[in-house]
Amino acid sequence: MPVRPLPALLTSALALTLTVLPLAGTASARPASSSCSAQAIEAADAAGPDVKALCAALKGLPDKDATAALIRVGGKGSWHGVAGVRDVRTGAPALENARFRAGSTTKIVTAAIVLQLAAEKRISLDGTVQEYLPGLLSEKFQQPITVRQLLNYTSGLQPGASLGEDVDDGYEHRFETLTPEEVVAASVAKGPDPDHAPGEHQRYGNIHYTVLGMLIEKVTGDSYAHQAAVRIFRPLGMRHTSFPDGPDPRVHGPHNRGYDWIDGKLVDVTEWNMSDRFAAGDMISTTADLERLLFALFRGQVVPEPQLKEMFTVPKIKGATMAAALERYELNGKEIWGKTGARPGYHAVVAATRNLSRTVVYSVNSTDAKGDGLSIVQRFAFPAFNR
């Protein structure tokens, strides 16, 4: 679909940072996409995706909220759409096969590995952190924390160390390294949740999955990244999914650059050391690879029953909405299971109905990816479930 020149507000801000899109933006704009042509919208099957609504979401990119978006919708009928730019300096069109920081969708992979290990009887979901990782928790942790409680975010562990609470704070530390051990040590130093015992309260956070990553390494005697590769990526043919080599801040391979508003200026945040996110959010992938994972997972080809039911079982706790990695949503009368992921410059979604009648995977180069992601999801994911 055609990319329009940036609105005046964004163009003005870009001028301040010397990252202005060419004013003759149409000269380097993305050519019309057949997926959003008038003919494609007119010819769309009424039983398939709402192509008109999906194209409306992509219309006008880049804008102040996003510089690019890649969307894949599947199930009963399929549709792919791409809009925006690869680089705001050049106006080069966005790449549909771009690799991106998948953020917390990484947790799906981590949960799957843990559940595979449970199926292999190498761990028990009722086994404890104190048993599998002796010495990790201090004597303050009198009550046992189970593997299942880590999976469904009810462990009672408090947030760990961070190099910045938001993009603005973290930007100047983006090339520094914070190890998973340091992240967990800071959490342990705070002690357990003072208000809730393990299993009593659901609180989303990376700390649960950071510990699960350490558990995977301890039980397998292997690195988390290699276990993800041999257990998930290679068997499913996810050839463009990987983890950075330690603190490497780059996204290798074809990618659309990520940007964020910092102090009123649009700043390139593509290069960023994400090693502190580890098993909670360090994965790099593509929409095609994540779609492949989504279908295989829901079909029981990644995690066998009965372990798979853990990913679709929300604990019976007031206010709980999350199972193992996945969260349950209600939209247009449909029950949807999915996971969002956000890293500076990149916002991702993986979601589907349980029977795979409708699926959506997207990567949006959001300029406020770590902010309130609801508006991004409403714009780019909700239209997939209109029908």
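Mentor: With strands and helices: a strand is a DSSP run of E with at least two residues, a helix is a run of H or I with at least four, and both are numbered from the N terminus. Keep in mind that this is a predicted model.

Trainee: Where is D263 found?

Mentor: D263 sits in the loop between strand 5 (259-262) and strand 6 (265-268).

Trainee: What makes phi of D263 worth a remark?

Mentor: Most residues other than glycine have a negative phi. Phi of D263 is near 55°, which is positive, and D263 is not a glycine.

Trainee: Which peptide bonds are cis?

Mentor: Among them are the bond from L61 to P62, with omega near 5°, and the bond from E305 to P306, also with omega near 5°. Most peptide bonds are trans. P62 is in the loop between helix 3 (51-58) and strand 1 (66-75), and P306 is in the loop between helix 12 (287-298) and strand 8 (327-331).

Trainee: Why are helix 4 and helix 10 called roughly perpendicular?

Mentor: Their axes come within 10 Å and cross at roughly 80°. Angles of 65 to 115 degrees count as roughly perpendicular, so the name applies to helix 4 and helix 10.

Trainee: How do you know that helix 4 and helix 10 meet?

Mentor: Contact means heavy atoms within 4.5 Å. By that rule, residues of helix 4 including V109, I113 and L117 meet residues of helix 10 including A228, R231 and F233. The contact has 8 nonpolar, 4 polar and 1 charged residues.

Trainee: How many aromatic pairs does a search of the whole structure find?

Mentor: The search finds 9. One of them is formed by Y362 and F380.

Trainee: What makes up the lining of the second largest pocket, by class?

Mentor: The lining has 8 nonpolar, 5 polar and 3 charged residues. Helix 8 (180-190) and helix 10 (224-236) each supply at least two lining residues.

Definitions and conventions. Residues numbered from 1 in each chain as written. Predicted model: local features only at pLDDT ≥ 70, side-chain atom pairs only at ≥ 80, totals over all residues. Heavy atoms only, no water. Nonpolar A, V, L, I, M, F, W, Y, C, P; charged D, E, K, R; others polar. Axes fitted to C-alpha atoms, helices over the stretch in contact; angles between N-to-C directions. Parallel < 35°, antiparallel > 145°, perpendicular 65-115°, else oblique. Phe/Tyr/Trp six-rings, centres within 6.5 Å; stacked < 30°, edge-to-face > 60°.
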